[in-house]
Amino acid sequence: MTENDMKRYYTEEHEWVMPIGKDIIRLGITEYAAKELGDVVYVELPEADSSVSAGDEVGTVESTKSASVIFSPVSGKIVAVNEELEDAPELVNEGPFKEGWMSEIELSDASELEELLSEEDYAALIAELAEDEANAEEE
């Protein structure tokens, strides 16, 4: 199975998760979030081997425009972090779904994935946000 064949899940806060192995997901922010943030200059990552619950803060992404907290959409144990982001935070902008991933989590409850948005639902959310933005500009 290639990376393109794997299903991604999304949150309304613009994080994505993708199963990459048995009960292990990779976590990052979406292209929309990376674009909205602007040029990423710093990424704070969680500690490897730490336990997280869905909704816990698992990092921060700082850009030239603002800072954004990253929340874990699932519960489990952080099994890896993308240490390359420490020296190259711009990877988040260059490839948020590829080399810009943030951490890997071993799921404690795989059914939590079912509570996240599908790719289609997330696309609809982005379309709605774009429409709201366009309407706001007209006012």
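Strand β6 (residues 57–63) gives the largest share of the lining of the largest cavity, 3 residues; strands here are DSSP E runs of at least two residues and helices H or I runs of at least four, numbered from the N terminus. This is a predicted model, where local features need pLDDT of at least 70, side-chain atom pairs count only at pLDDT 80 or more, and totals for chains, interfaces and linings use all residues. Residues are numbered from 1 along each chain as its sequence is written, and side-chain values use heavy atoms, with hydrogens and water left out.

**The cavity**
- The largest cavity has a volume of about 30 Å³.
- Its lining splits into 6 nonpolar, 3 polar and 1 charged, with Gly counted as polar.
- Among the lining residues are Leu-27, Glu-44, Val-58, Ile-70 and Met-102; lining means an atom within 4 Å of a point on a 1 Å grid where a 1.4 Å probe fits but cannot get out.

**Ser-72**
- You'll find Ser-72 in the loop between β7 (67–71) and β8 (76–81).
- Ser-72 is buried, at 2% relative accessible area (buried is under 20%, with a 1.4 Å probe and protein chains only).
- Its side chain reaches the backbone oxygen of Val-74 at 2.6 Å.
- Leaving out residues up to four places away in sequence, Ser-72 touches Val-58 and Ile-105, among others (contact is heavy atoms within 4.5 Å).

**The cores**
- The largest nonpolar core has 27 residues, with Ile-25, Ile-29, Val-92, Met-102 and Leu-113 making the most contacts inside it; a core joins buried nonpolar residues (Ala, Val, Leu, Ile, Met, Phe, Trp, Tyr and Cys) through side-chain atoms within 4.5 Å.
- A second, separate core of 8 residues includes Trp-16 and Leu-117.

Terms used:
Buried means under 20% relative accessible area, exposed over 50%, partly exposed in between (1.4 Å probe, protein chains only). A polar contact is a pair of N or O atoms within 3.5 Å; within protein, one must be able to donate a hydrogen and the other to accept it, and residues adjacent in sequence count only if both atoms are side-chain atoms. On a 1 Å grid over the protein atoms alone, a cavity is a set of points where a 1.4 Å probe fits but cannot get out, and a pocket is an open set with protein on both sides within 12 Å along at least five of seven lines; lining residues have an atom within 4 Å of a point. Grid points are joined across faces, edges and corners, and a volume is the space filled by probe spheres set on the points.
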